[in-house]
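Hello,

Here is the structure I promised to hand over. Please open it first, then read my notes below.

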Amino acid sequence: MIDPLIISAIANSLIMGLVALGFTLQYVTLRVPNLAHTTICFSSAYITLTFWLLGYNPYFGVFIGFLESSILTYLLYNFLNMLKARGLDDVSLMISTIGISMIIYGFANIYLDYLAYVFKTYTRTFTLANADFKLLGIPGVIYISLILFVFFLLFFNWLLSTKFGIQLRAIVEKPSLAEVHGVDVKRVVGIAWFIIGGIGGIAGSLWPLWFQCDPWLGPLMLTSIFAACALGGIKSILGSLFGGIFIGVSQVILLSVLSDLVGTWIISFKTLIPLIIASLVLLFLPEGIMGKIQKYRGG
Amino acid sequence: MSHLVSKKILAIFIIVLLVVGIGAYFVGQITVVKPSPVKPALSGEIPIGVLHSSASEEGYFQSAINIAFEDVNKWFNESGIPIKFVPLIENAEESTTKACEKLESLIARGCQVIIGPQWSTTSLAVKPIADERKVVLISPASGSPALSIAGDYFTRTIPPIDAWQLVDVAIAMGRGINVLVVVYSKDTFGETSIAALEKIAKEKGVVIYESFAYDPTAKDFTVECSKLVEKYKEAVSKFGWEKVGVEIIGAGGHCVPWLTAVEKFPELWKTASFVGPHVAGATDVIKYTGSAAAKSGFTSIGPYARSPLSLSLKTRHKERYGTECYTYGYAAYDAVWIAALSILAAQEYKGEKLIKVIPSISRVYMGASGYCAMNEAGDRIAMDFEIKMVKFINDTPSWVTIGYFDSSTQTITWVST
Amino acid sequence: MALIILDIILDVMTFFFMYLIFTSCLNLQQGMTGLTNLGLHFFAAIGAYIFAHTAFLALRIYGIELDYIGVDNNEAVFVLNKLFSTDLLTPIFTLFLTIILVMMTCAFLGYIFGRISLRLSGAYLGIFWLCLADSIEHIGMQYRPLAGGNQGVLLPDFFKALNDYSLLIQKIIVILISIITFALFKKISESPFGRLLKTIRENEIVSQSIGKNTNEIKVKIITFSSIFLGVAGVLVCLRTRGIFAESFNRIDVSFWPWLMFILGGSGNLLGSLLGTLICVVIRRIVLYSKFYLTFLPVDIIWIEPILLGVTLCITLLIKPRGILPEKPHKLKY
């Protein structure tokens, strides 16, 4: 049997990686840190809960979570475009995503109240770890998140080599130049955001199969995702994936190691780990690990 | 002839009697002082504030509070008292700044008594404003000893944390445990609880082998649980399995994530004693983590009162909401009643008057959580507890009562199951 | 009724003036200099943590030994309240000393972190401050000797000697300090130095080319605004009569001022004032009027974040540059 710490680290890191990937992609395409990203991603956890309460396999929530998150992200993208067209700068756009985050937070709570009323159970904090299947003693969420992680890694690798991907890369490099070359920037980025949002939604819908969920989870995860993206390189897709893995692992394994070294008192400072990593990375390695590697390679 | 005369006399006598009787009646109507109907000093709608510390607390408490308001209004209506209590509900959303804002909003809306908050941190934050504005707080869950101040406007329908930890220690001792491994939440509740536990354990001769804090905002307790297992194994190797117990101190909302983590560590499935947050009977424990709770023999406590009110609340809560009333929900129910009865007794809706009346009302009020008599600091003096454990009954995890704690004798009566 | 309305007005004004300090600092940093700071709560928390210790200075003056941060906090408050009921000079001296100490410490820390963060800009800088601020909040919540941890630290009534006027005086102090801050910041914004800051914001290279040391200026701005953020932290504690680390969180102390700042108009101090006023009033209206929405089949508590989010979004759509956008500087010829 595998140590639960290892399983926890894997689940945490894979899910973080997928969410961080979405955050980075949104940033490189629109140059706006989307502060509502984690709120949207983890709102899919309620879809998983709904399916479970209805008596279905909670994994059905993954598909619907993808759709829900995609649609919300796409709508957010259009809203940000509207604001951009009205002359808002990037910082103001970033702040506007806070407003969206608040709206989603409010509706998430209303939805949870509705579920509690209909299914006559407490829904404000929940975990569905017991509803997960096990294969060879390992929870299903590990297999599924690993498969999805590899799938999206390969998917993006393939996507970026397609015409759409080339257009997207051109937009990331220089949107104005891409537009001059006939790329429909709005459409391409819109599709990208739709997919990105969906990926985040998948990650969010897998979360309750191992961890605890509550309406505040999304906003709380923001700093961990920042840390992941900053560490990997906020402009690097691969970097954000591995940054997510690193942060996810460090929150579990590093904490365990530290508590062995300095004592159990460090455990209550768990939340500080991603914050300190993010602060140090931003100060001393602002381009991130991938950015540093690329710089070293002369790219 | 004499026969006729007697009939005449009888007739006259009857007529005179009738006339006198009728006359007396009318005269009586005029001369008897009818008590004029007493105009009630209070009438109409009276707002009572409800301030929840967080959304999760609202989820746990509001159902019991709703039933309380319905019961109170029904009683007042049936008693012919023209008062209707209207709950004004606010949520501090885990922020002390918002708590202060919401409290002031409730006061501005006319509330002179507020049910809540639940968290001691929130209570400590809003207390100065309540004292300043002379508005009464009746908390159904804040147990911090720092709130035990005589002469202030803070009262509570639960005893301070010491009383609850005394029960936890009694459970351990009753099971033959004299070594505890404890993990507590790094918040006001956890820190005051561990301080109380350490003090009581020392007095009773129970050793706290190891205690460490966990971050209550964490979403996963796997690391914490692995440390707990490590320390538990150390203690068992030193003192023996039958002497070592595990205790988790935290808010009710931490129960489910903790039990989820416990499920991953088989070492914790067969402890001699596993006591957790005070959520005895909670439905979500069974629903989300019933298996882990049953495997580990998860034990918890809650208020116990052999009162019809208690049973009635329990039954109606289950019927209406499909879940068991939350442990502290009984205290919340009683808080509403005490507030309403105090307003009736004071005949004036003013915090200054209510704070003087509440102690005497509490002394005669037998509620859903038992006798709610308060001391001069506004703290409930005593509470009896029911001890419950999750067990497999016909392969289904279920809460089973295993004992009762009597606060007057400070002993447990174990129930054979 | 009149007293209740006066109470509400005073309460709204206190909140308004408190937030005005935050938005003024934000205007100076982001609006005028282009320094993104999503962690305003960093210096506010530092100010509060210092206050947690200096507030009980009177105990030392009177020679009383108590663990005012820990188990004896209640007793310390009780003792000080009793002493302050007949002594106004000591608490005023304590407050004065606190303000000085907070200003010095925040200035020092502002200088250090301002210098460290020079290499960052835009979102990176904003996120750096956010991480720093969240860290200090978390440390304050977990490490008890700093500011009482999760239990917080209750404070005595510094104006107990003034009896019923104590709360009023505290509110007046908040208002006065806020007005002074605003006036000072207004002076800066209208001065040549203010124009220089805008030049740095628009095009740093141009400013450098005319011989301005933009790095030094940025550090000065962060240092200067950190002083007032620290003082604002002290005022927050004075108002709540206690120090609670978790009250210095990103939502209440950073994101809300940002909303107010964006709403009012970036780069315009009057815009920040207007944005602050509108936000505070709207929040209060939502707070007081949401009970009229009980007919809705949802818990009205959740209407608040939805309404506020919607208000922000609509305002940004209608007035994208804020209600009072920055006016272009008119040349005299």
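**The sheet in chain B**

Chain B holds an open, mixed sheet of eight strands, in the order β7-β6-β8-β9-β10-β13-β14-β15. The edges are β7 and β15 (411-414) of chain B; each has a single partner strand, so one side of each is left without a neighbour in the sheet. Keep in mind throughout that this is a predicted model.

At the β7 end, strand β6 (residues 179-185) of chain B runs parallel to β7(B), and seven bridges join the two. One residue pair to look up there: L180(B) has I208(B) in β7(B) as its bridge partner. A helix covers this part of the sheet. α7(B) lies across β6, β7 and β8 (244-249) of chain B. Its direction is at about 165° to β6(B).

**Chain B overall**

Chain B has twelve helices and 15 strands. How does the radius of gyration of chain B compare with the globule rule? The value is 28 Å, well over the 22 Å that the rule gives for 417 residues, so chain B is more spread out than a compact globule. Along the principal axes, the C-alpha atoms of chain B fill a box of roughly 120 × 55 × 40 Å.

The contact between them takes twelve residues from domain 1 of chain B and 13 residues from domain 2 of chain B. On the domain 1 side, α2 and α4 (120-133) of chain B each supply at least two residues. By class, that side of domain 1 has four nonpolar, seven polar and one charged residues.

**Contacts with chain A**

Both chain B and chain C touch chain A. I take chain B first.

For chain B, 33 residues are in contact with 30 residues of chain A. Five elements of chain B each supply at least two residues to this side: α2 (55-78), β7 (207-214), α7 (222-239), α8 (255-262) and α9 (283-296). The largest share, six residues, comes from α9(B). The side divides into eleven nonpolar, twelve polar and ten charged residues.

For chain C, 33 residues are in contact with 35 residues of chain A. Here α6 (122-142), α12 (250-264) and α14 (303-318) of chain C give two or more residues each. α6(C) gives the most, with ten residues. The classes on this side are 23 nonpolar, six polar and four charged.

**A helix pair in chain C**

Two packed helices are described by the angle between their axes and the distance between the axes. Take helix α5 (residues 89-116) and helix α11 (residues 214-240) of chain C: the axes come within 7 Å and cross at roughly 145°. The crossing of α5(C) with α11(C) is right-handed. Residues of α5(C) in the contact include I99(C), V102(C), M103(C), L109(C) and R115(C). Those of α11(C) include K218(C), V219(C), I222(C), I227(C) and V234(C). By class, the contact has 13 nonpolar, seven polar and two charged residues.

Best wishes

Terms used:
Residues numbered from 1 in each chain as written. Chains lettered and ligands numbered in written order. Predicted model: local features only at pLDDT ≥ 70, side-chain atom pairs only at ≥ 80, totals over all residues. Contact = placed C-beta atoms within 7 Å. Helix = DSSP H or I, 4+ residues; strand = E, 2+ residues; numbered from the N terminus. Nonpolar A, V, L, I, M, F, W, Y, C, P; charged D, E, K, R; others polar. Pairing = 2+ DSSP bridges. Axes fitted to C-alpha atoms, helices over the stretch in contact; angles between N-to-C directions. Left-handed = near helix turned anticlockwise from the far one by under 90°. Rg over C-alpha atoms; globule rule 2.2 N^0.38 Å.
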